[in-house]
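Please keep the sequence and the three-dimensional view at hand while reading.

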Amino acid sequence: MAAPDLERLLAELLEPDSDVIRRATARLREAFADPQTPARLGLLLSAAPRPQVRQLAAVLLRRRLLGGWKRLDPALRQRLPSLLAQALEQETEHAVTVALAQLGALVLRRGGLSAWGPLGTWVQEAARDPQPPRQEAALLVLSAALDAAPQALAPHGPPLAALCRGALAPGVPPGPMAYGLRALGGLAAMLGDTHTELLRSLLPDILTALKTLLDADEERGTEALEVLDEFVEADPAAVTPHLRPLLDFCLQVGGDESRGDAVRVRALATVTFLAQKRPKVLLRGGLLAPVLGGLLTPLCADPPPGRPDPEEEEEEGGGRRPGGAQPPTRRRPVSFRFPPSFLSFPSQFPFALDALAVGLPPEKLLQQLLPLLEAALGSPRAGARKGGLLALGALAGGCGEPLRRRYLEPALGVLRGGLGDPESSVRGAAAFALRSLADCLQPEVTAVAEAALPAALAALGGDPGVRPPPAKAWYILESLLECLGEGVGPWLPPVLETVLGALELSGPPRKVELGLSALHSLASTAGEQLQPHAGPILRALTPLLQPGPPETRPRRLQALGVLGALGRPVAGEGLVAALELGLGLAEEEDEPEGRRVMFVLAGAVAEVLGEGMGPLLPRVVPALLGALRRPPPPAASEVPDSFLLFDDEEEEEEEEGEEPMEEEEEEELIEVEVGGAYAQEVEDACEALGEVAEHSRAAFLPYLEPSLEAVLGLLQFPQAGVRRAAYETLGSLCLAMGGGPAPTPPDGVAPLLERALWALAGGARAEASPGGARGALGALGRVLEGPGPALPPALLAPIGRLLADVIKGKVACLEGGAGDDDDEEQAEVEAELRELAGEGLVALGGALGEAFAPLFTEILPHLLAALGRRRSVGERSWAAATLGEAGAALGGAVAPFLPRLGPALGAAATRDPHPEVRSNALFAMGRLAEAAGPALGAAWPGRAVLTQALKREGPGRVRDNACGALARHGGTLPPQLVVPLVLGALPLGQDLGEEPPVYQYLLGVHRRDPPRLREHAAELPRACGGVVGSGRLPPELEAGLVDLLRDVWGSCPTAFGGGLAQLPPGDAARLRRAMGLADTPGTC
């Protein structure tokens, strides 16, 4: 095809006619079969009169280069840099220049600096040209090249820096200046810490240029601020001498109300990024105080005169639709839970405060911040009080524990005052702080939420004819409900009256939407407590589900989502009808929200019906599997650049010796297929498929093979979140393969089970992403723990070695580690994976029995080393618990290991400074003694350690575990020693899971030696009164305990009655009823 014909073909691709575009796409496929087509595209870069055709030619040629530089015609490889220089020289359209720059950068990446010759020469000349268009184009090409091929330009760092510095001089127009700054950001990333002095010398000019650019062109300046992040990340030492002017600049921009939200957010993002990367430098440089002042001043400012607080602005028809700028997400996101978007712009400042709280020693931050907060919170200005509460909530991520330990009462008082503030904006900020701090201030904070609930409900009441309350009032209610959790039970009647009253169809649509959101939150917190209120809830939701005009579809979907959240306790069999409706809506209009609701309902209905889900599976499973497949290419009329969707059959693997594509280039090739919300939809569909399979069990067997194929295909998905969901779904499919009560997989299922298990094991070993590794390892643990099919014997040893390698840190996710700046994050990953591997090993040990001994021998040194004082509390605690559980799985075969286990666990139980470690060490000693039985031996330190713990430890978890461990020693210790110690430690206060072994031990003593417990008749009511009738014990154990108490009562009524009289009235009455006694005790 000649160049003019190719030009016409490209023009047809730009026509707004889908049929024309479809035909042109087919012809373009044919054209690329001709090896001369790339050369003709090169001619069109400058020869085509239409700029859109020139841009399209550049994009197509770049697409071809992604497939391989060396497959291009040698003559074109030699001419292409000159063609690019010629095209750039005459180009006047910015969009075309961008496409040419990206093509030129790829030429440099694929061909190296030698292939760039004429283009490189043009860049150097044009970058010094006083004509702004040429200078801007040259710096644009340079910035693209530094992003795409930094290694090729690395030897030329200093001259490139001088070239870019020229664009920062006074009088340079915004365009060249912006691209000069962008190029300097790429240069810093390329040089790293190898040219500290050079980068340090550039920063003053960069700060001056940024100020100039922001005044001249704020949009370009906002993008250019990225250069500061690049310098901080590349070489912090180069930035340190200029930290004060850099911070002053960012804080001034962030606090300047005359500027747009986007640039203010971007400037504050740099402060946040600096706080993440170099927080301690702020302490050493004395910069923390000005940073805190610079953040709090605008955060606590009142809205300017004449400008209403954005959160008070109402949208038409009722409440206000949340809006506002969001923080940039290019960098690693901070762990901060951002406040609701209806809070005004200054709420962006807590991002930086959160980064400081996470990165700095909490006490040092609080020492300087709390006086500032105290002044703000006590201010007569509402803006100051609101800002102080937002700042307090921002501290939750890094300072939650110190706030609880040292400032619990003041923090609770501040929250209490904020929730009762007369200004609604302050109450909204207090609700945000409450949500943020709830976890670290529990259980005391629930009283604060409960006290604020009546006022929150009153704010949502009132005359229905008056303008409805703003979204903020509903946010406050949801925050209080979330904080109360299961404690919301006594408040359900008034809460439901308010929430269900908002669902009236006659009310404003926005009010209905907010009421549904609150009911969804209530379903998540109250759970089964809503069951007695099922009737009113379903009656309120039913009208919202009825067919209506198209504009009611979002409301129907939201109501269906609420039904799915309410689940079995409230909706019951009604979920089936909801799923039918959800399937109909999803089939009626193929859009993501309808499918998402259908996914939620499918999982909820499967939980209700179990294997009775069978009749629904022919509709549900194809819908779920359809969501797991990559979507078909969009119609050409919907995607102007549909030419990118054709497959180049001749684009094969990278030829030998050619540099492979990097991750971002690979992502570009699949972006059209994966873009938008598709990844999240695949995650949701995976989770729903797993729930349906796991609950349906035998009914799901006909769908196992296609489901397995679809899920296995997702293990190469580029997004780690999708891979995590796929691994978790594989675990659910494995559990479904049991097919029913029998553990043996049905005929034909065993090969599928092996494939799934090998995929899980391979993923846990090879996954580099923490999320993917956690998903694979967690799913493997669920399969090991069951209930599910019996595992193939040939797989037990490889799975065991995998779990041991996780504990030893010899899997991909742990071997690579993280940078110094990510030590905390890497430690969390290691802790989570260790925990999962430990749980899996315990389950595997239970399956292997004595055959588990070689694997236990392999991991024992690592577990013992993890008990060392230099390890973290979490690691020591985990090691102690795992030693106990994994050792107990060996049964009597644990005896050879006891000489090493006893001293290590005894030392941890008596000398470790942290109660959690002592508690788990005591628990482990009890489990090992229980497993070893008579083989325990005289050298075992259990008697001395446990006796000492029960005498020294106060009430709490440690004492509870010592009591349980002593009971588990059972027959190895004389009852005259054990019984008084056990009874003295009862009732247990925190670790109620130790109650069954303790009371089982007492029953055993009574069966063997009835007089032994009669000696302690006066103590038994206190020891047993709180647990009898509580429902915490298994029925058989409780019945035996009641028989024991009756026997002692009958033998020693005076002593027993005296003890009974000392109980609280409620416990005494419950115990008497359980024993069948009269209201008053008898006498001797």
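## Basis of the model

The structure is a predicted model, in which local features need pLDDT of at least 70 and side-chain atom pairs count only at pLDDT 80 or more, while totals for chains, interfaces and linings use all residues. Residues are numbered from 1 along each chain as its sequence is written, and side-chain values use heavy atoms, with hydrogens and water left out.

## Overall make-up

The protein has 55 helices and zero strands. Helices (H or I, at least four residues) and strands (E, at least two) are DSSP runs, numbered from the N terminus.

Of the 1084 residues in the protein, 54% are buried. Buried means under 20% relative accessible area, exposed means over 50%, and partly exposed lies in between (1.4 Å probe, protein chains only). The accessible surface of the protein comes to about 44900 Å², and carbon and sulfur atoms account for 53% of that surface. Such areas come from the Shrake-Rupley method with a 1.4 Å probe, and for residues only the protein chains shown count as cover. A contact means heavy atoms within 4.5 Å. Among contacts between residues at least 6 apart in sequence, 73% join residues at least 24 apart.

## Salt bridges

A salt bridge is a side-chain nitrogen of Lys or Arg within 4 Å of a carboxyl oxygen of Asp or Glu. By this rule the model contains 52 salt bridges. One of them joins the side chains of R8 and D5, with a distance of 2.1 Å from N to O. Both residues belong to helix α1 (residues 3–13), and because they are three residues apart there, about one helical turn separates them. An α-helix has 3.6 residues a turn, so residues three or four places apart point the same way. D5 is partly exposed, at a relative accessible area of 29%.

Other salt bridges join separate helices. R435 pairs with E482, and their closest N and O atoms are 3.2 Å apart. R435 lies in helix α24 (residues 424–441) and E482 in helix α26 (residues 471–484), so this pair ties together parts that are 47 residues apart in sequence. R435 is buried at 15% relative accessibility, whereas E482 is partly exposed at 35%. E885 forms a salt bridge with R927, again described by closest N and O atoms 3.2 Å apart. Here E885 is in helix α44 (residues 873–888) and R927 in helix α46 (residues 915–932), 42 residues apart. E885 is partly exposed, with a relative accessible area of 25%. A network of salt bridges links E885, R927, E930, R968 and E994.

In α26, 13 of the 14 residues are buried. G485 follows the helix and has a positive phi, near 60°.

Two packed helices are described by the angle between their axes and the distance between the axes. For α44 and α46 the angle is about 10° and the axes are 8 Å apart. Therefore α44 is roughly parallel to α46. Axes are lines fitted to C-alpha atoms, for helices over the stretch in contact, and angles run from 0 to 180 degrees between N-to-C directions. Angles under 35 degrees count as roughly parallel, over 145 as roughly antiparallel, 65 to 115 as roughly perpendicular and the rest as oblique. The residues of α44 that meet α46 include V873, A880, L883 and E885, and their partners in α46 include V917, F923, R927 and L928.

P987 lies in the loop between α49 (975–985) and α50 (995–1008).

R697 is not a glycine, yet its phi is positive, at about 50°. R697 sits in the loop between α35 (678–696) and α36 (704–712) and is buried, at 15% relative accessible area.

L796 is in helix α40 (residues 793–807) and is buried, at 14% relative accessible area. Leaving aside neighbours within four places in sequence, L796 is in contact with L791, L844 and L848. L796 and L844 are 48 residues apart in sequence, and their C-alpha atoms are 7.6 Å apart in space.
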